[in-house]
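Q: I am new to this structure and would like to learn how to read it one feature at a time. Could you take me through it slowly, giving the idea and then the case?

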Amino acid sequence: TVGDCQRYFHRQDLRVKGPLPSLAKTKLISIAIYYLLAVFAVIAIGLALQSSVLLVFKDDHTMFYLSTKSAQLFHGGGIAVRVPADCPKPDGWAGFNKVHAASICSSFKGAALPQQIDSALSAQRLLALSFLVSTLLGFSKWSRHVLAVRSAHAVKAWLAQPKAPASNNGA
């Protein structure tokens, strides 16, 4: 347990250093951090498993997924999926304005779209992987900190206990 205290234990003096972070505060912060890390991990895994590229229109920041077979709003819940067959009638595209619909339709017609999608998916997956690794490193780092704080509190309590007098058996 002493080895787990890390920077909170002075090895030469065999004592716990200075004021320790509050255990209750550390636990509350841990809950929030673990929740955020879980959300980040889900986002990273979701991006890595997508078969569509997440894109954003610069004019109004509308986010959408684009593949060679469909376009779908990021927040559409599956109801705003558009396919190349919808291009002759771009007026009724829920969530997409006429300019967006025309841009998506011209992308569907482009011969280079499959290569562009593959290239963008590779970059998206690499980004998702680096995001996931960063999240796991953050989880590891915070977990080590929590272990150090808990161990330092346990060692401090143990050191504060009254010591039993040494018995002098057989002397």
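Q: Which residue is the bridge partner of leucine 54 in strand 4?
A: In this predicted model, leucine 54 is bridged to tyrosine 65 of strand 4. The two strands concerned, strand 3 and strand 4, pair in the antiparallel sense over 4 bridges.

Q: How many strands form the open sheet, and in what order?
A: The open sheet is formed by 4 strands in the order 3-4-5-6, and the pairing is antiparallel. Strand 3 and strand 6 are the edge strands, since each of them pairs on one side only. At the strand 6 end of the order, strand 5 and strand 6 pair in the antiparallel sense over 2 bridges, and here glutamine 72 has valine 81 of strand 6 as its bridge partner.

Q: Is tyrosine 65 buried or exposed?
A: The idea is to compare its relative accessibility with a cut-off, and a residue under 20% is called buried. Tyrosine 65 has a relative accessibility of 14%, and therefore counts as buried. Its place is in strand 4, which covers residues 63-66.

Q: Which residues does tyrosine 65 touch, not counting residues up to four places away in sequence?
A: They are Gln50, Ser52, Val53, Leu54, Ser70, Ala71, Gln72 and Phe74. Serine 70, which has its place in the loop between strand 4 and strand 5, is itself buried, with a relative accessible area of 19%. Leaving aside its neighbours within four places in sequence, serine 70 is in contact with Tyr65, and also with Val81, Arg82, Val83 and Phe108.

Q: What should I know about side chains along a strand?
A: In a regular strand the side chains alternate between the two faces of the sheet. For the case here, take the contacts of leucine 66, again not counting residues up to four places away in sequence: leucine 66 touches Ser52, Val53, Leu55, Ala71, Ile104, Ser107, Phe108, Leu113 and Ile117.

Q: Which residues have the most contacts inside the largest nonpolar core?
A: The largest nonpolar core has 16 residues, and those with the most contacts inside it are Phe64, Leu66, Trp93, Phe96, Ile104, Phe108 and Ile117. At least two residues of this core come from each of strand 4, strand 5 (71-73), helix 2 (98-109) and helix 3 (113-160). Helix 2 gives the most to this core, with 4 residues. There is also a second, separate core of 9 residues, which includes Cys5, Tyr8, Ala148 and Val149.

Q: Where do the buried residues of helix 2 fall, seen down its axis?
A: The buried residues of helix 2 are His100, Ala101, Ile104, Cys105 and Phe108. Seen down the helix axis, these residues fall within an arc of 130 degrees, so they line one face of helix 2. The face turned away from this buried side carries the exposed residues Lys98, Val99 and Lys109.

Q: What covers the buried residues of helix 2?
A: The cover includes strand 4, strand 5, strand 6 (81-82) and helix 3. As for its direction, helix 2 lies across strand 4, strand 5 and strand 6, and runs at about 20 degrees to strand 4.

Q: Why does the distance between the end C-alpha atoms of helix 1 agree with its number of residues?
A: The reasoning takes 1.5 Å a residue, so that the 27 residues of helix 1 (residues 23-49) should span 39 Å, and the end C-alpha atoms are 38 Å apart, which agrees. In this helix, Thr26, Ser30, Leu37, Ala41, Ala44 and Leu47 are buried, and the buried residues of helix 1 pack against strand 3 and helix 3.

Note on methods:
Residues numbered from 1 in each chain as written. Predicted model: local features only at pLDDT ≥ 70, side-chain atom pairs only at ≥ 80, totals over all residues. Heavy atoms only, no water. Buried < 20%, exposed > 50% of the residue type's maximum accessible area, 1.4 Å probe, protein only. Contact = heavy atoms within 4.5 Å. Core = buried A, V, L, I, M, F, W, Y, C linked by side-chain atoms within 4.5 Å. Arc of directions from axis to C-beta. Pairing = 2+ DSSP bridges. Axes fitted to C-alpha atoms, helices over the stretch in contact; angles between N-to-C directions. Expected span 1.5 Å × (residues − 1).
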